[in-house]
Each structure stands twice: as C-alpha cells, then as structure tokens.
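Hello,

Here is the structure I said I would pass on. My notes on it follow below.

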Amino acid sequence: MIDELGRERFLQHWPNVKFPPSSPEYDDFWVHEWTKHGTCSGLSQKDYFESALESYVPTPALVKMAEGAKVPKKELIAAYGG
C-alpha cells in the first residue's frame, strides 16, 4: 500500500522517527497505524492513508532530531504549538 501511495510522501509527511528509513523495522510504523487505527476508521486502507496524508501536521524538527530518544513533554507541546 505504501508504494502505491508514494513512499516519498510517507517519508516526508508521516515519518517513523524511531528508525532510519534504511532500517527493516521502518515500515512497521505504518503497519501499526493501519492495524491499530485505520481498521477502526471505516475506510479502506488506501482511503485511510490518503486521508491521513492530506491532513497531516508537520513533524516538528525537535522530534525528527531526537532519532528515537525521549523528548521532554514541555518541549514537545511547544513544538506542536501548545
């Protein structure tokens, strides 16, 4: 499904911040999102991911730079605008 919608879109707009894109575990994040959240949405897998990609909130640089490390809650809230 990811390839059909364009992996670059996912890498840019819905990245897995716990693993680098070269990791074999990288795509597990999107699998989790579908199985945990998408299956309950009432949408098809394609529609769920299209909807998510169309309404994304940019990942703050603070989160991207953390590379899987914990980010202090106060800083995270500030990065998302409060």
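Val17 sits in the loop that joins α2 (7–13) to α3; helices here are DSSP runs of H or I with at least four residues, strands are runs of E with at least two, and both are numbered from the N terminus. Val17 counts as partly exposed because its relative accessibility is 26% (buried is under 20% relative accessible area, exposed is over 50%, partly exposed is in between; 1.4 Å probe, protein chains only). Its C-alpha atom is 9.2 Å from that of Phe29, twelve residues away along the chain.

This is a predicted model, with pLDDT of at least 70 required for local features and 80 or more for side-chain atom pairs, while totals for chains, interfaces and linings use all residues. Residues are numbered from 1 along each chain as its sequence is written, and side-chain values use heavy atoms, without hydrogens and water.

Leaving aside neighbours within four places in sequence, Trp14 is in contact (heavy atoms within 4.5 Å) with residues including Arg9, Trp30, Glu33 and Phe49.

The contact between α3 and α4 has a right-handed crossing. It is made by Trp30, Glu33 and Trp34 of α3 with Gln45, Tyr48 and Phe49 of α4.

Regards

Key
Left-handed = near helix turned anticlockwise from the far one by under 90°.
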